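The tour begins with one term, then goes from the whole chain to two selections.

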Amino acid sequence: MRNQAVAFIGSVAVAAVAVCLSAGPLAAQAPAKPAAAKPAAPKPAVPARLAGTKRTPDGHPDLTGTYDVATMTPVERPAGVKSLALTKEEAMALEMYEADRQKKNDAPLDADRKAPQVGGETTTGKSYLEFLERAGGGVVGGYNNFWLAGGTQLITVDGQKRSSLVMDPPDGKIPPMKPEARQRNARFTAGGAVAPDAGETAVAGPPGAFDGPELRPLSERCLLGFGNTSGPPTLPNYFYNNLKQIVQTKDTVILLNEMVHDARVVRMNAEHDPPSIRKWMGDSVGHWDGDTLVVDTTNFTTKTRYNGSGDQLHVVERFTRTDANTILYRFTVEDPTTWDRSWTGEYPWKATDEKLYEYACHEGNYSLGGMLRGARQKEADDAAAKKTGKQ
């Protein structure tokens, strides 16, 4: 069993390598296999009415509160992992490895340590979070570990430790992208822009990606959180700022993210805006299905492009309180212009007493100006070298 657990850790690293070596969410994917009949999204289990659940004056569960969603479970299932539910031994091996790694990262540094290697750490990480950290700068140019809080636990749903957030399709993978969607995204990046939902370290952009601030990813511009923390679907951050807050009234629900201060307003029991009105985080309309809050979001723009999607993106979210301190968050994503079928994921939100602090980041901050000045300097240096024949 120990060998199986070690093999699982290795498979997570392989998956992380595959993710990080791709050109980003708008990268061309392998051609899709012929589409089978479109399966229906799995129906969520509706728990019995929870005794003692705090309720609002109109009788609905009170979801108001702050929640910590830190986890080490990736969105998609790692290569080589066949099951959504991990064995006790597999889960324990992963969580122990991550806990030991964090302990080492938090230890005082040796004052006589050697200089780090040029370009940072290049060895393959053995956990999803480890590889993400190294891809984001490693030991050179990345965040000091003091600022990171990726989580040390796998998600647990229905008593199972999960290998991925995605639960449908059964392989735990986001469906392959349609050829026309790949072509659409290729045209987008050909214009010099980086994928809008790329991380803040999206340095491997297409030619011209530093020609202007509008061409950089949205998180780098401090407009929306990277990794789709803003939603919908609203996902874990995997680095820091893991808190999400719900403010609930009879007519409105606010979903606030600690990462890049994104606030989404859900209008309860309303009609969607006309198709001519488009919003970066879509138009979210909510209703109650028993004790489950259902949020239906349409009317997206082409400026966010979650996982390469277009403006026909449609997301349905379900918030179900499973105990006094936990909300099960389930989301189903579809876009007929991007994927042949819908796909579904879920993960728990855990109530916390931690404070949600301001994310003091804004468009046009110091780093963006520095990057643009660096790009202009490189252009000048290249021109001078070409003129003198020293290129």
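A salt bridge here is a side-chain nitrogen of Lys or Arg within 4 Å of a carboxyl oxygen of Asp or Glu. This is a predicted model, in which local features need pLDDT of at least 70 and side-chain atom pairs count only at pLDDT 80 or more, while totals for chains, interfaces and linings use all residues. Residues are numbered from 1 along each chain as its sequence is written, and side-chain values use heavy atoms, with hydrogens and water left out.

Start with the whole protein chain. Colour by secondary structure: there are five helices and 12 strands (DSSP runs, H or I of at least four residues for helices and E of at least two for strands, numbered from the N terminus). Of its 391 residues, 45% count as buried (under 20% relative accessible area, 1.4 Å probe, protein chains only).

Next, select Glu258, in the loop between β6 (252–257) and β7 (263–268). Glu258 is buried but has no salt bridge; Lys244, the nearest side chain of opposite charge, is 9.2 Å away (Lys and Arg count as positive, Asp and Glu as negative; His and the chain ends are not counted). What does the side chain of Glu258 reach at 3.4 Å? It is the backbone nitrogen of Asn242. Show the residues that Glu258 touches (heavy atoms within 4.5 Å): beyond four places in sequence, they include Leu243, Lys355 and Tyr357.

Last, select Ser127, in the loop between α2 (88–106) and α3 (128–135). Ser127 counts as buried because its relative accessibility is 1%. A polar atom of the Ser127 side chain lies 3.2 Å from the backbone nitrogen of Glu130.

Technical notes: Buried means under 20% relative accessible area, exposed over 50%, partly exposed in between (1.4 Å probe, protein chains only). A polar contact is a pair of N or O atoms within 3.5 Å; within protein, one must be able to donate a hydrogen and the other to accept it, and residues adjacent in sequence count only if both atoms are side-chain atoms.
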